[in-house]
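Trainee: Could you walk me through one part of this model in detail? I would like a close look at the nonpolar core and what surrounds it.

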Amino acid sequence: MKKIFAYSIIAILSLCAACTSHQNGDMIQAVLFELDNDRVTISPDGGSFVVKVRTNQAWRLNCPEGSEWCVPSITEGEPSEESVAIGFTVADFTYDSREAVFTFEYGNGESHLFTVTQKAK
């Protein structure tokens, strides 16, 4: 009976420790990253569009080389419970279609890809 009681106490303490894990004195928080769209296709005439990001981590948007035809309004942000709107402006285009793959970096080295495709005229 004493062994069962001892094992029960150990199990309960383990569960309590798992529920209140701390790292550097702070509660460990699950990483949240939401993007309202992973891919956007825009007409050859160019224009603009908005993508919304919501994350509880600081983030950075890395623009790929050669993507000056597709310019984001902001490239970094702080943690927020609200969505942040990122406006993109896309230049007019007359040749072959083109694509740019942007990388959102957040949290502890995590990333999420976002692709913009512009069709040819």
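Mentor: From the N terminus on, the elements of the protein chain run α-β-β-β-β-β-β-β-β-β-β-β, where helices (H or I, at least four residues) and strands (E, at least two) are DSSP runs numbered from the N terminus. This is a predicted model, in which local features need pLDDT of at least 70, side-chain atom pairs count only at pLDDT 80 or more, and totals for chains, interfaces and linings use all residues. Residues are numbered from 1 along each chain as its sequence is written, and side-chain values use heavy atoms, with hydrogens and water left out.

Now to the core. A nonpolar core is a set of buried Ala, Val, Leu, Ile, Met, Phe, Trp, Tyr and Cys residues joined through side-chain atoms within 4.5 Å; buried means under 20% relative accessible area, exposed over 50%, and partly exposed in between (1.4 Å probe, protein chains only). The largest one has 20 residues, and F49, F88, F102, F104 and F114 have the most contacts inside it. Among the elements giving two or more residues to this core are β3 (33–35), β5 (47–55) and β6 (59–62), while β10 gives the most, with four residues.

Take F104: leaving aside neighbours within four places in sequence, its contacts (heavy atoms within 4.5 Å) include F33, L35, V53, W59, R60 and F114. R60 also forms a salt bridge with E76, the closest N and O atoms being 3.4 Å apart; the term means a side-chain nitrogen of Lys or Arg within 4 Å of a carboxyl oxygen of Asp or Glu. R60 lies in strand β6 and E76 in strand β8, so the pair ties together parts 16 residues apart in sequence. R60 is partly exposed, at 44% relative accessible area.
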